[in-house]
Amino acid sequence: MHSPTAGGPFFRHLRIWHAVTASLVVVAVVAFLVLRPSDGVRPVPNSPCRPADAAREDPPATPDLDGDGSVDLVHEISRSLKVDVVVVPGSEHGPDHDRTTVLTQEDLGVPDRIQVGDDPLQPTVADLDEDGHADLVVSSAAQVLWGGPKGPQADGPHGRVPLPGSGYHTAPIAGDFDGDGHTDLVVFRDSIEDKELVVLKGPFKRSGAPARTAEIPSPVHDGANPLLVAGDANDDRATDLALYDSPWDPPLLFTGGARTAGGLSKEPERLPEGENVVFGDFDGDGRQDVAVGRSFVDSYDEVDTPHRRGQVSVRYGKEPGKWVTMEGGDFKEGFGTRLAAGDFNGDGCDDLAVQLTKKKEEGDARIEVLRGGSEHGLGSKPWRATKRSVPNGDGPDGALFAVQDWDGDGRAELTLLGDDRWWITDGTDRDEASFPVAPSKNQGS
(Lines give C-alpha, C1' and ligand atoms only; values in the text may rest on other atoms or scores of the structure.)
Protein backbone atom coordinates (compact mmCIF):
# COMPACT_ATOMS: atom_id res chain seq x y z
CA MET A 1 0.00 0.00 0.00
CA HIS A 2 2.49 2.51 -1.14
CA SER A 3 2.04 5.84 -2.68
CA PRO A 4 4.22 8.32 -4.37
CA THR A 5 6.68 10.09 -2.15
CA ALA A 6 6.30 13.55 -3.64
CA GLY A 7 3.75 15.75 -5.37
CA GLY A 8 3.79 16.88 -8.99
CA PRO A 9 3.11 20.18 -10.76
CA PHE A 10 -0.63 19.74 -10.17
CA PHE A 11 -0.19 20.85 -6.57
CA ARG A 12 1.44 24.20 -7.34
CA HIS A 13 -1.77 26.13 -6.74
CA LEU A 14 -2.91 24.33 -3.62
CA ARG A 15 -3.07 27.15 -1.12
CA ILE A 16 -2.47 25.10 2.00
CA TRP A 17 0.65 26.82 3.24
CA HIS A 18 -1.21 29.69 4.84
CA ALA A 19 -3.23 27.26 6.93
CA VAL A 20 -0.42 26.84 9.43
CA THR A 21 0.74 30.39 9.90
CA ALA A 22 0.34 31.93 13.34
CA SER A 23 -2.05 34.59 12.10
CA LEU A 24 -4.61 32.18 10.70
CA VAL A 25 -8.11 32.30 12.12
CA VAL A 26 -10.17 29.27 11.17
CA VAL A 27 -13.72 30.44 10.56
CA ALA A 28 -15.16 27.39 8.85
CA VAL A 29 -16.70 24.66 10.95
CA VAL A 30 -16.01 21.30 9.34
CA ALA A 31 -17.45 18.08 10.69
CA PHE A 32 -15.03 15.28 11.46
CA LEU A 33 -16.49 11.87 10.69
CA VAL A 34 -14.42 9.11 12.26
CA LEU A 35 -13.44 6.06 10.27
CA ARG A 36 -15.44 3.08 11.35
CA PRO A 37 -13.51 -0.19 11.73
CA SER A 38 -15.16 -3.11 9.94
CA ASP A 39 -16.23 -6.34 11.58
CA GLY A 40 -13.52 -8.32 9.83
CA VAL A 41 -12.07 -8.92 6.37
CA ARG A 42 -14.11 -11.28 4.24
CA PRO A 43 -12.82 -13.39 1.34
CA VAL A 44 -13.69 -11.94 -2.06
CA PRO A 45 -15.34 -14.52 -4.40
CA ASN A 46 -13.41 -15.63 -7.50
CA SER A 47 -10.27 -13.77 -6.47
CA PRO A 48 -6.80 -15.35 -6.51
CA CYS A 49 -5.80 -13.08 -3.64
CA ARG A 50 -5.47 -14.07 -0.02
CA PRO A 51 -7.57 -12.15 2.54
CA ALA A 52 -5.39 -9.68 4.39
CA ASP A 53 -5.85 -11.50 7.72
CA ALA A 54 -4.66 -14.78 6.16
CA ALA A 55 -1.59 -13.31 4.51
CA ARG A 56 1.92 -13.40 5.89
CA GLU A 57 2.62 -11.25 8.92
CA ASP A 58 1.93 -7.63 8.09
CA PRO A 59 4.79 -5.13 8.29
CA PRO A 60 4.45 -2.30 10.82
CA ALA A 61 2.13 0.54 9.89
CA THR A 62 3.93 3.37 8.14
CA PRO A 63 4.31 6.23 8.65
CA ASP A 64 3.84 5.61 12.38
CA LEU A 65 5.79 8.25 14.27
CA ASP A 66 4.69 7.41 17.82
CA GLY A 67 4.80 3.62 17.50
CA ASP A 68 1.18 3.03 18.48
CA GLY A 69 0.49 0.83 15.45
CA SER A 70 -1.70 3.40 13.66
CA VAL A 71 -0.73 5.23 10.48
CA ASP A 72 -0.14 8.96 10.94
CA LEU A 73 -1.00 11.55 8.30
CA VAL A 74 2.21 13.51 7.78
CA HIS A 75 2.91 16.18 5.20
CA GLU A 76 5.50 18.84 4.58
CA ILE A 77 4.45 22.29 3.46
CA SER A 78 7.04 24.40 1.66
CA ARG A 79 6.62 27.99 0.60
CA SER A 80 8.82 31.07 0.20
CA LEU A 81 11.95 29.42 1.61
CA LYS A 82 10.00 28.20 4.65
CA VAL A 83 9.09 24.68 5.74
CA ASP A 84 6.48 23.33 8.16
CA VAL A 85 5.42 19.75 8.85
CA VAL A 86 1.85 18.94 9.87
CA VAL A 87 1.21 15.68 11.73
CA VAL A 88 -2.27 14.25 12.21
CA PRO A 89 -1.81 11.32 14.64
CA GLY A 90 -3.43 8.03 13.72
CA SER A 91 -5.91 6.09 15.85
CA GLU A 92 -8.10 3.00 15.59
CA HIS A 93 -10.69 5.30 14.00
CA GLY A 94 -8.28 6.93 11.55
CA PRO A 95 -6.43 10.27 11.64
CA ASP A 96 -7.37 12.21 14.78
CA HIS A 97 -7.68 15.80 13.62
CA ASP A 98 -8.24 17.03 17.18
CA ARG A 99 -4.62 16.12 17.96
CA THR A 100 -3.06 17.77 14.90
CA THR A 101 0.31 19.37 15.57
CA VAL A 102 2.46 21.65 13.46
CA LEU A 103 6.25 21.45 13.55
CA THR A 104 7.53 24.83 12.41
CA GLN A 105 10.78 25.49 10.64
CA GLU A 106 12.29 26.55 13.97
CA ASP A 107 11.06 23.35 15.62
CA LEU A 108 12.61 21.30 12.83
CA GLY A 109 15.91 23.14 12.94
CA VAL A 110 15.83 23.76 9.19
CA PRO A 111 18.19 26.56 8.06
CA ASP A 112 16.57 29.84 7.01
CA ARG A 113 17.69 29.74 3.40
CA ILE A 114 17.10 26.42 1.72
CA GLN A 115 15.79 25.33 -1.65
CA VAL A 116 12.15 24.28 -1.42
CA GLY A 117 9.49 23.28 -3.89
CA ASP A 118 5.92 24.52 -4.08
CA ASP A 119 4.32 21.15 -3.45
CA PRO A 120 3.02 19.44 -0.29
CA LEU A 121 5.15 16.35 0.21
CA GLN A 122 5.16 13.29 2.41
CA PRO A 123 8.33 13.55 4.51
CA THR A 124 10.53 10.50 4.98
CA VAL A 125 9.72 8.40 8.04
CA ALA A 126 12.23 5.63 8.86
CA ASP A 127 14.30 4.27 11.73
CA LEU A 128 17.72 5.56 10.71
CA ASP A 129 19.63 4.90 13.93
CA GLU A 130 18.05 1.47 14.59
CA ASP A 131 16.78 2.27 18.08
CA GLY A 132 13.32 0.91 17.34
CA HIS A 133 11.69 4.35 16.92
CA ALA A 134 10.70 6.08 13.68
CA ASP A 135 12.68 9.19 12.77
CA LEU A 136 11.49 12.11 10.64
CA VAL A 137 13.58 13.48 7.75
CA VAL A 138 12.39 16.77 6.25
CA SER A 139 13.25 19.35 3.60
CA SER A 140 16.12 19.60 1.17
CA ALA A 141 18.33 20.27 4.19
CA ALA A 142 17.77 16.61 5.22
CA GLN A 143 17.05 17.70 8.78
CA VAL A 144 16.30 14.83 11.19
CA LEU A 145 14.07 14.76 14.26
CA TRP A 146 15.02 11.60 16.10
CA GLY A 147 12.20 9.40 17.28
CA GLY A 148 11.34 8.22 20.76
CA PRO A 149 8.48 6.56 22.65
CA LYS A 150 6.21 9.52 21.83
CA GLY A 151 7.63 10.12 18.35
CA PRO A 152 9.88 12.94 17.15
CA GLN A 153 9.42 16.06 19.28
CA ALA A 154 10.22 19.72 18.66
CA ASP A 155 12.24 19.82 21.87
CA GLY A 156 13.80 16.40 21.29
CA PRO A 157 17.14 15.44 19.73
CA HIS A 158 17.90 16.76 16.25
CA GLY A 159 20.41 15.87 13.57
CA ARG A 160 21.17 16.62 9.96
CA VAL A 161 22.23 14.20 7.25
CA PRO A 162 25.34 15.71 5.64
CA LEU A 163 24.56 15.98 1.93
CA PRO A 164 27.58 16.69 -0.28
CA GLY A 165 27.51 20.07 -1.98
CA SER A 166 24.24 21.82 -2.87
CA GLY A 167 21.38 21.51 -5.34
CA TYR A 168 18.81 19.49 -3.38
CA HIS A 169 15.08 20.17 -3.65
CA THR A 170 13.46 17.45 -1.52
CA ALA A 171 14.28 15.24 1.44
CA PRO A 172 15.99 11.90 0.73
CA ILE A 173 13.82 8.79 0.48
CA ALA A 174 14.45 5.64 2.51
CA GLY A 175 15.03 1.98 1.62
CA ASP A 176 17.52 -0.85 1.99
CA PHE A 177 19.07 -0.28 -1.41
CA ASP A 178 22.10 -2.53 -0.94
CA GLY A 179 20.17 -5.30 0.83
CA ASP A 180 22.40 -5.38 3.92
CA GLY A 181 19.52 -5.01 6.39
CA HIS A 182 20.21 -1.34 7.22
CA THR A 183 18.03 1.56 6.11
CA ASP A 184 19.70 3.82 3.54
CA LEU A 185 18.72 7.18 2.06
CA VAL A 186 18.83 8.31 -1.58
CA VAL A 187 18.40 11.84 -2.93
CA PHE A 188 18.82 13.54 -6.32
CA ARG A 189 21.26 16.41 -6.57
CA ASP A 190 20.96 19.03 -9.32
CA SER A 191 23.67 21.67 -9.07
CA ILE A 192 25.81 23.53 -11.58
CA GLU A 193 28.83 21.48 -10.55
CA ASP A 194 27.29 18.02 -10.19
CA LYS A 195 24.11 16.22 -11.16
CA GLU A 196 23.93 12.88 -9.45
CA LEU A 197 22.17 10.41 -7.23
CA VAL A 198 23.56 10.44 -3.71
CA VAL A 199 23.25 7.24 -1.67
CA LEU A 200 23.75 7.54 2.09
CA LYS A 201 24.32 4.15 3.73
CA GLY A 202 22.88 3.20 7.09
CA PRO A 203 22.96 2.88 9.97
CA PHE A 204 23.12 6.57 10.85
CA LYS A 205 24.67 8.21 13.89
CA ARG A 206 22.67 10.60 16.07
CA SER A 207 24.55 13.45 14.42
CA GLY A 208 22.94 12.37 11.14
CA ALA A 209 26.16 11.02 9.67
CA PRO A 210 25.76 7.90 7.49
CA ALA A 211 28.04 4.88 7.59
CA ARG A 212 29.31 5.97 4.16
CA THR A 213 28.22 7.91 1.07
CA ALA A 214 28.25 6.96 -2.61
CA GLU A 215 27.62 9.27 -5.55
CA ILE A 216 26.23 8.06 -8.89
CA PRO A 217 26.43 10.26 -12.03
CA SER A 218 23.01 11.51 -13.08
CA PRO A 219 21.19 9.16 -15.47
CA VAL A 220 18.88 11.95 -16.73
CA HIS A 221 19.39 14.91 -19.05
CA ASP A 222 20.63 18.29 -17.87
CA GLY A 223 17.87 20.41 -16.39
CA ALA A 224 15.79 17.44 -15.26
CA ASN A 225 14.89 17.16 -11.60
CA PRO A 226 13.16 13.78 -11.33
CA LEU A 227 11.13 12.49 -8.42
CA LEU A 228 12.13 9.27 -6.68
CA VAL A 229 10.07 6.30 -5.50
CA ALA A 230 11.27 3.15 -3.73
CA GLY A 231 9.94 -0.39 -4.17
CA ASP A 232 10.98 -3.97 -4.84
CA ALA A 233 10.44 -4.83 -8.49
CA ASN A 234 12.24 -8.20 -8.46
CA ASP A 235 11.44 -9.52 -4.96
CA ASP A 236 15.05 -9.93 -3.89
CA ARG A 237 14.41 -8.01 -0.61
CA ALA A 238 16.74 -5.20 -1.69
CA THR A 239 14.96 -1.91 -2.41
CA ASP A 240 14.84 -0.75 -6.02
CA LEU A 241 14.72 2.91 -7.09
CA ALA A 242 12.56 4.48 -9.81
CA LEU A 243 13.09 8.00 -11.18
CA TYR A 244 10.23 9.68 -13.02
CA ASP A 245 8.57 12.92 -14.10
CA SER A 246 11.51 14.13 -16.18
CA PRO A 247 10.36 16.02 -19.31
CA TRP A 248 13.13 14.56 -21.45
CA ASP A 249 13.53 11.03 -20.13
CA PRO A 250 11.33 7.96 -19.68
CA PRO A 251 11.01 6.67 -16.12
CA LEU A 252 14.13 4.77 -15.08
CA LEU A 253 14.51 1.83 -12.70
CA PHE A 254 17.67 0.98 -10.74
CA THR A 255 17.62 -2.45 -9.12
CA GLY A 256 19.02 -2.73 -5.61
CA GLY A 257 21.36 -5.29 -4.12
CA ALA A 258 24.04 -4.77 -6.76
CA ARG A 259 27.74 -5.12 -6.06
CA THR A 260 28.39 -1.44 -6.52
CA ALA A 261 29.39 1.34 -4.14
CA GLY A 262 25.80 2.53 -3.87
CA GLY A 263 24.16 -0.88 -4.01
CA LEU A 264 22.20 0.11 -7.13
CA SER A 265 22.66 -1.40 -10.59
CA LYS A 266 25.28 0.24 -12.79
CA GLU A 267 22.76 1.04 -15.51
CA PRO A 268 19.04 1.78 -15.06
CA GLU A 269 16.28 0.07 -17.00
CA ARG A 270 14.19 2.33 -19.23
CA LEU A 271 10.50 1.94 -18.42
CA PRO A 272 7.61 2.87 -20.76
CA GLU A 273 7.03 6.58 -21.32
CA GLY A 274 5.16 8.13 -18.42
CA GLU A 275 5.08 10.71 -15.65
CA ASN A 276 4.79 8.58 -12.52
CA VAL A 277 5.60 5.10 -11.19
CA VAL A 278 4.09 2.98 -8.41
CA PHE A 279 4.71 -0.51 -7.02
CA GLY A 280 2.03 -2.97 -5.87
CA ASP A 281 0.95 -6.62 -5.99
CA PHE A 282 -2.06 -6.40 -8.29
CA ASP A 283 -2.47 -10.10 -9.07
CA GLY A 284 -1.92 -11.51 -5.58
CA ASP A 285 1.00 -13.78 -6.40
CA GLY A 286 3.21 -12.31 -3.68
CA ARG A 287 5.47 -10.53 -6.18
CA GLN A 288 5.60 -6.79 -6.71
CA ASP A 289 4.30 -5.37 -9.98
CA VAL A 290 5.19 -2.01 -11.54
CA ALA A 291 2.69 0.50 -12.98
CA VAL A 292 3.52 3.60 -15.05
CA GLY A 293 0.98 6.37 -15.70
CA ARG A 294 0.96 8.56 -18.81
CA SER A 295 -1.77 11.21 -19.08
CA PHE A 296 -0.43 13.16 -22.12
CA VAL A 297 -1.38 16.38 -20.25
CA ASP A 298 1.30 19.08 -20.22
CA SER A 299 2.65 19.88 -16.76
CA TYR A 300 1.85 23.59 -16.99
CA ASP A 301 -1.19 23.51 -19.32
CA GLU A 302 0.76 25.50 -21.90
CA VAL A 303 0.56 22.81 -24.56
CA ASP A 304 -2.70 21.43 -25.89
CA THR A 305 -3.35 17.86 -24.84
CA PRO A 306 -3.39 15.54 -27.84
CA HIS A 307 -6.67 13.83 -28.75
CA ARG A 308 -5.76 10.70 -26.84
CA ARG A 309 -6.83 8.75 -23.83
CA GLY A 310 -4.41 8.46 -20.93
CA GLN A 311 -2.64 5.19 -20.25
CA VAL A 312 -1.42 2.96 -17.47
CA SER A 313 1.23 0.36 -18.34
CA VAL A 314 1.71 -2.56 -15.95
CA ARG A 315 4.46 -5.16 -15.66
CA TYR A 316 3.57 -8.12 -13.50
CA GLY A 317 6.22 -9.85 -11.43
CA LYS A 318 5.33 -13.21 -12.98
CA GLU A 319 6.08 -11.86 -16.47
CA PRO A 320 9.01 -9.43 -16.05
CA GLY A 321 9.56 -9.07 -19.80
CA LYS A 322 5.99 -8.08 -20.70
CA TRP A 323 4.11 -4.78 -20.35
CA VAL A 324 0.31 -4.54 -20.49
CA THR A 325 -1.08 -1.12 -21.45
CA MET A 326 -4.61 0.02 -20.62
CA GLU A 327 -6.30 3.22 -21.77
CA GLY A 328 -8.81 5.01 -19.56
CA GLY A 329 -11.10 7.98 -19.33
CA ASP A 330 -12.17 10.01 -22.33
CA PHE A 331 -10.00 11.77 -24.89
CA LYS A 332 -7.94 14.60 -23.36
CA GLU A 333 -9.17 13.68 -19.88
CA GLY A 334 -5.74 12.99 -18.40
CA PHE A 335 -6.15 9.41 -17.14
CA GLY A 336 -2.88 8.45 -15.41
CA THR A 337 -1.87 11.84 -13.99
CA ARG A 338 -1.15 10.28 -10.59
CA LEU A 339 -1.16 6.70 -9.28
CA ALA A 340 -1.33 5.03 -5.88
CA ALA A 341 -1.65 1.36 -4.91
CA GLY A 342 -3.63 -0.10 -2.00
CA ASP A 343 -5.96 -2.95 -1.10
CA PHE A 344 -9.39 -1.30 -0.90
CA ASN A 345 -11.46 -4.45 -0.27
CA GLY A 346 -9.04 -6.45 1.91
CA ASP A 347 -8.75 -9.41 -0.45
CA GLY A 348 -4.95 -9.47 -0.34
CA CYS A 349 -4.48 -7.92 -3.81
CA ASP A 350 -3.56 -4.29 -4.35
CA ASP A 351 -5.93 -2.14 -6.38
CA LEU A 352 -4.76 0.89 -8.37
CA ALA A 353 -6.08 4.42 -7.81
CA VAL A 354 -5.68 6.54 -10.95
CA GLN A 355 -6.14 10.30 -11.06
CA LEU A 356 -7.63 12.02 -14.10
CA THR A 357 -6.76 15.70 -14.58
CA LYS A 358 -7.59 17.65 -17.75
CA LYS A 359 -5.58 20.69 -16.73
CA LYS A 360 -2.98 20.18 -14.03
CA GLU A 361 -2.65 23.84 -13.11
CA GLU A 362 -6.42 24.20 -12.67
CA GLY A 363 -6.64 21.14 -10.45
CA ASP A 364 -9.77 19.54 -11.96
CA ALA A 365 -9.09 16.12 -10.47
CA ARG A 366 -11.15 12.98 -10.12
CA ILE A 367 -10.10 9.49 -9.10
CA GLU A 368 -10.89 6.06 -10.56
CA VAL A 369 -9.91 2.77 -8.94
CA LEU A 370 -8.97 -0.26 -11.03
CA ARG A 371 -9.62 -3.46 -9.12
CA GLY A 372 -6.82 -5.95 -8.62
CA GLY A 373 -7.23 -9.69 -8.33
CA SER A 374 -8.69 -10.65 -11.70
CA GLU A 375 -7.26 -13.65 -13.53
CA HIS A 376 -4.72 -11.39 -15.23
CA GLY A 377 -4.28 -8.79 -12.50
CA LEU A 378 -5.83 -5.32 -12.79
CA GLY A 379 -9.20 -4.91 -14.44
CA SER A 380 -9.33 -2.35 -17.21
CA LYS A 381 -12.73 -0.92 -16.24
CA PRO A 382 -13.18 1.50 -13.34
CA TRP A 383 -14.36 -0.32 -10.22
CA ARG A 384 -14.86 2.75 -8.05
CA ALA A 385 -14.85 6.46 -8.90
CA THR A 386 -14.87 9.60 -6.79
CA LYS A 387 -14.40 13.36 -6.91
CA ARG A 388 -14.22 16.04 -4.23
CA SER A 389 -14.63 19.77 -4.84
CA VAL A 390 -13.81 22.66 -2.55
CA PRO A 391 -16.97 24.50 -1.42
CA ASN A 392 -17.86 27.54 -3.55
CA GLY A 393 -15.31 26.46 -6.15
CA ASP A 394 -12.62 28.58 -4.48
CA GLY A 395 -9.81 26.03 -4.82
CA PRO A 396 -8.63 22.99 -6.74
CA ASP A 397 -10.49 19.72 -6.48
CA GLY A 398 -9.29 17.10 -4.03
CA ALA A 399 -6.21 15.48 -5.55
CA LEU A 400 -4.69 12.10 -4.77
CA PHE A 401 -2.23 12.50 -1.89
CA ALA A 402 -1.83 9.05 -0.32
CA VAL A 403 -3.38 5.61 0.08
CA GLN A 404 -3.20 3.93 3.49
CA ASP A 405 -5.19 1.66 5.78
CA TRP A 406 -5.91 4.49 8.18
CA ASP A 407 -8.17 2.60 10.61
CA GLY A 408 -6.35 -0.77 10.58
CA ASP A 409 -9.34 -2.76 9.30
CA GLY A 410 -7.40 -4.43 6.48
CA ARG A 411 -8.84 -2.13 3.81
CA ALA A 412 -7.08 0.89 2.36
CA GLU A 413 -8.60 4.34 1.94
CA LEU A 414 -7.87 7.23 -0.40
CA THR A 415 -6.60 10.49 1.03
CA LEU A 416 -7.41 13.52 -1.12
CA LEU A 417 -6.10 17.03 -0.56
CA GLY A 418 -7.73 20.16 -1.94
CA ASP A 419 -6.83 23.68 -0.88
CA ASP A 420 -7.24 23.65 2.93
CA ARG A 421 -9.10 20.36 3.33
CA TRP A 422 -8.54 16.62 3.63
CA TRP A 423 -10.96 13.94 2.50
CA ILE A 424 -10.60 10.24 3.33
CA THR A 425 -12.78 7.88 1.32
CA ASP A 426 -12.99 4.26 0.19
CA GLY A 427 -12.98 5.45 -3.42
CA THR A 428 -16.69 6.16 -3.62
CA ASP A 429 -18.64 9.35 -2.97
CA ARG A 430 -18.96 8.49 0.74
CA ASP A 431 -16.63 10.40 3.07
CA GLU A 432 -15.21 8.30 5.88
CA ALA A 433 -13.56 11.45 7.20
CA SER A 434 -13.33 15.10 6.22
CA PHE A 435 -11.49 17.81 8.10
CA PRO A 436 -9.48 21.01 7.57
CA VAL A 437 -5.74 20.93 7.05
CA ALA A 438 -5.13 23.42 9.83
CA PRO A 439 -5.60 22.62 13.52
CA SER A 440 -7.90 24.85 15.51
CA LYS A 441 -6.44 28.19 16.55
CA ASN A 442 -5.79 27.02 20.09
CA GLN A 443 -4.07 23.81 19.00
CA GLY A 444 -0.68 23.01 17.56
CA SER A 445 2.15 25.45 17.22
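Colleague: How many salt bridges does a search of the whole structure find?

Modeller: In this predicted model, a search of the whole structure finds 18 salt bridges.

Colleague: What makes Arg189 and Asp194 a salt bridge?

Modeller: The closest N and O atoms of Arg189 and Asp194 are 3.6 Å apart, and the cut-off for a side-chain nitrogen of Arg and a carboxyl oxygen of Asp is 4 Å, so the pair counts as a salt bridge. The side chains of Asp190 and Lys195 meet in a salt bridge as well, at 3.8 Å from N to O, a value that also lies within 4 Å.

Colleague: Why is Arg189 called buried, and why is Asp194 called partly exposed?

Modeller: Arg189 has a relative accessible area of 6%, and because buried means under 20%, Arg189 is buried. Asp194 stands at 33%, which falls between 20% and 50%, and therefore counts as partly exposed. Lys195, with a relative accessible area of 27%, is partly exposed by that reasoning.

Colleague: How do you know that Arg430 forms a salt bridge with Glu432, and which of these two residues is buried or partly exposed?

Modeller: The closest N and O atoms of Arg430 and Glu432 are 3.2 Å apart, within the 4 Å cut-off. Glu432, at 8% relative accessibility, is under 20% and so counts as buried, whereas Arg430, at 37%, counts as partly exposed. Elsewhere, salt bridges that share partners join Asp129, Asp131 and Arg206 into one network.

Colleague: Why is Asp107 called buried?

Modeller: Asp107, which lies in helix H1 (residues 105–108), has 18% relative accessibility, and because this is under 20%, Asp107 counts as buried. The side chain of Asp107 reaches the backbone nitrogen of Thr104 at 3.0 Å.

Colleague: Which elements give two or more residues to the largest nonpolar core, and how many residues does that core have?

Modeller: The largest nonpolar core has 16 residues, and those with the most contacts inside it include Leu241 and Leu243. The elements giving two or more residues to this core are strands E9, E10, E11, E13 and E14.

Technical notes
Residues are numbered from 1 along each chain as its sequence is written. This is a predicted model: local features need pLDDT of at least 70, side-chain atom pairs count only at pLDDT 80 or more; totals for chains, interfaces and linings use all residues. Side-chain values use heavy atoms; hydrogens and water are left out. Helices (H or I, at least four residues) and strands (E, at least two) are DSSP runs, numbered from the N terminus. Buried means under 20% relative accessible area, exposed over 50%, partly exposed in between (1.4 Å probe, protein chains only). A polar contact is a pair of N or O atoms within 3.5 Å; within protein, one must be able to donate a hydrogen and the other to accept it, and residues adjacent in sequence count only if both atoms are side-chain atoms. A nonpolar core is a set of buried Ala, Val, Leu, Ile, Met, Phe, Trp, Tyr and Cys residues joined through side-chain atoms within 4.5 Å.
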